[in-house]
Amino acid sequence: MGRGFLAPSDRLIIASVGVGGKGGDDISHFAKSGKADIAFLCDVDDSRAENTVKAYPKAKYYKDWREMFDKESKNFDAVSVSTPD
């Protein structure tokens with residue numbers, strides 16, 4: 001392949017658990033790398049997750065990580081997990 005080409009196999013499909021605050025910041029860095037797609041978001045607190053959900057409108061949102069894993073585990077390559085102190 002030519003220079004500057006990024007093969008689909010060189011992109012990570014990311015799922016994230018805990019997407020408010022630090023979690024939202026963490027996945028923003030993955031997205032800015034240009035080598036990751038944020039596909040699934042999960043947080044128990046809708047109000048904390050609101051800004052991140054708006055920032056990634058194509059990502060599917062879950063409130064329960066177990067449901068996300070049951071339904072989507074074959075559809076992502078990596079998981080970012082952020083929890084409060």
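Helices (H or I, at least four residues) and strands (E, at least two) are DSSP runs, numbered from the N terminus. I wanted that settled before looking up Ser80, which is found in strand β4.

**Ground rules**

I'm working with a predicted model, where local features need pLDDT of at least 70, side-chain atom pairs count only at pLDDT 80 or more, and totals for chains, interfaces and linings use all residues. Residues are numbered from 1 along each chain as its sequence is written, and side-chain values use heavy atoms, with hydrogens and water left out.

**Entry 1: the whole chain**

I counted 3 helices and 4 strands. Going along the sequence, I read the pattern β-α-β-α-β-α-β. The radius of gyration is 13 Å, close to the 12 Å from the globule rule for 85 residues, so the chain is as compact as a globular protein of that length. (That radius is taken over C-alpha atoms, and the rule is 2.2 Å times the number of residues to the power 0.38.) Along its principal axes, the C-alpha trace spans about 45 × 25 × 25 Å.

Next I looked up burial, where buried means under 20% relative accessible area, exposed over 50%, and partly exposed in between (1.4 Å probe, protein chains only). Buried residues make up 35% of the 85 in the chain. I also checked contacts, meaning heavy atoms within 4.5 Å. Of those with a separation of 6 or more, 56% join residues 24 or more positions apart.

**Entry 2: Ser80 and Asp26**

Is Ser80 buried or exposed? Ser80 is buried, because its relative accessible area is 9%. Leaving out residues up to four places away in sequence, I found Ser80 touching Ala15, Ser16, Val17, Asp26, Ile27 and Phe30.

I followed Asp26 next, which lies in helix α1. Beyond its neighbours within four places, Asp26 is in contact with Ser80 and Ser82. I also looked up Val53, 27 residues from Asp26 along the chain, and their C-alpha atoms are separated by 14 Å.

**Entry 3: helix α1**

Which residues of α1 (residues 22–32) are buried? My list is Gly23, Gly24, Asp26, Ile27 and Ser28. These buried residues pack against β1 (12–17), β2 (36–42), α2 (46–55) and β4 (78–81). Just after α1, I noted Gly34 with a positive phi of about 80°.

**Entry 4: the rings**

I searched the whole structure and got 3 aromatic pairs. In one of them, the rings of Trp65 and Phe69 have centres 5.7 Å apart and planes at 90°, so the pair is edge-to-face. The cut-offs: rings of Phe, Tyr and Trp (its six-membered ring) pair if their centres lie within 6.5 Å, and planes under 30 degrees apart count as stacked, over 60 as edge-to-face and the rest as tilted.

Trp65 and Phe69 both sit in helix α3 (residues 65–72), 4 residues apart, about one turn of the helix. Trp65 counts as partly exposed at 47% relative accessibility, and Phe69 counts as partly exposed at 29%. Ring pairs link Phe40, Trp65, Phe69 and Phe76 into a cluster.

**Entry 5: a loop residue**

Where is Asp45? I found Asp45 in the loop between β2 and α2. At 31% relative accessibility, Asp45 counts as partly exposed. Asp45 and Val19 are 26 residues apart in sequence, and I get 9.1 Å between them in space, C-alpha to C-alpha.
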